[in-house]
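The sequence and the coordinates are shown first, and the description follows.

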Amino acid sequence: VDIVEIGPMKKGSPVVVTGFAGAGFIGNTALMYIASEKGFIERAQLKSHLIPPMFLLVEGRPIPVFRIYGNKKNDVLLVVSDALINAENAWPIGIGLMEWLREKGVKEIISIEGMPFATPKGTRPILGFSLPMKDFIKVGVRPTSEGGISGLNAVLLDEAMKHKVPWTSLLVPTGTTQSIDYVGTADLIETLNRILKLGVDTSILRQSGNSRREAVRRARTGKQKGLLGGLRRQKPGSGS
């Protein structure tokens, strides 16, 4: 596991937000959208033969799938992976990543991800778990004491407990498995807005979600062939 810094990064006390490919592609989509909307700069890339061989094409340029972005002050870092990491490879990647984050003075880690199960319409809360315990109510998060954390986030949580780094998990239920859950992505970004004062506009994501539902409805009634015709084109970095 090798983390290649694009430019020298001084030690500070950043809040680190992780978003990895998973249910509804919510975590990685949310962080790429934030990076694009708020002008975050790519600071580093994580390279390893433990990551599936894959590149993304963004504006005609190939980019690695495991990247770290920072704002101007580097007091907020976004850690994004668009590749699905095998369970047996999560340990060395997570431990290597945490070692680098600790060198940069990580203050706190917030993980965001989708939970792979559907909920009744109109009842999709953002669930939260933290160490030490936080008052989630004021940011619109429902505390949860049951559930599961797996993969890279589980390794990072284990390392966070070992090194006494505060940890927060934000989870949104999603019934979407093969495509992007735009509305769930918007819900999590708005939660991060309340926690970190990011001020990210999610209207494009919500319009995309509405367009997708309309496309599905029209396809079912035979008024539209396929689903792509009803989707609005995304801004660069807002999808996977």
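The structure discussed here is a predicted model. Leaving aside neighbours within four places in sequence, Leu 78 is in contact with Val 17, Leu 31, Ile 34, Ala 35, Phe 40, Arg 67, Ile 68 and Tyr 69.

An open sheet is formed by nine strands, which follow the order E1-E3-E6-E7-E2-E8-E11-E9-E10 with mixed pairing. At its edges are strand E1 (2–5) and E10, each of which pairs on one side only.

Strands of a sheet pair through backbone hydrogen bonds, in either a parallel or an antiparallel sense. E8 and E11 are paired in the parallel sense, over seven bridges.

## Helices and their packing

Helix H1 lies across E2, strand E6 (66–70), E7, E8 and E11, and runs at about 135° to E7.

Two packed helices are described by the angle between their axes and by the distance between those axes. For helix H2 (residues 87–103) and H3, the axes come within 9 Å and cross at roughly 45°. The two helices, H2 and H3, are therefore oblique to each other. The crossing in which H2 passes H3 is right-handed. On the H2 side the contact is made by Ala 90, Trp 91, Ile 93, Gly 94, Ile 95, Leu 97, Met 98 and Arg 102, and on the H3 side by Gly 151, Leu 152, Val 155, Leu 156, Asp 158, Glu 159, Ala 160 and His 163.

Leu 46 belongs to strand E3 (residues 41–47). With a relative accessible area of 2%, Leu 46 is buried, because the limit for that class is under 20%. When residues up to four places away in sequence are not counted, Leu 46 touches Val 1, Asp 2, Ile 3, Ile 51, Phe 66, Ile 93 and Leu 97. Two of these residues, Ile 93 and Leu 97, also take part in the contact of H2 with H3. Leu 46 and Gly 96 are separated by 50 residues in sequence, yet their C-alpha atoms are 9.3 Å apart in space.

## Backbone features in the loops

The peptide bond that leads from Leu 131 to Pro 132 is cis, and its omega is near -10°. Pro 132 is placed in the loop between strand E9 (127–131) and strand E10 (142–143).

Lys 164, although not a glycine, has a positive phi of about 60°. This lysine, Lys 164, occupies the loop between helix H3 (151–163) and E11, and Lys 164 is exposed, with a relative accessible area of 73%. Lys 197 is also a residue other than glycine with a positive phi, near 55°. The loop between H4 and H5 holds Lys 197, which is exposed at a relative accessible area of 70%.

Notes. Residues numbered from 1 in each chain as written. Predicted model: local features only at pLDDT ≥ 70, side-chain atom pairs only at ≥ 80, totals over all residues. Heavy atoms only, no water. Helix = DSSP H or I, 4+ residues; strand = E, 2+ residues; numbered from the N terminus. Buried < 20%, exposed > 50% of the residue type's maximum accessible area, 1.4 Å probe, protein only. Contact = heavy atoms within 4.5 Å. Pairing = 2+ DSSP bridges. Axes fitted to C-alpha atoms, helices over the stretch in contact; angles between N-to-C directions. Parallel < 35°, antiparallel > 145°, perpendicular 65-115°, else oblique. Left-handed = near helix turned anticlockwise from the far one by under 90°.
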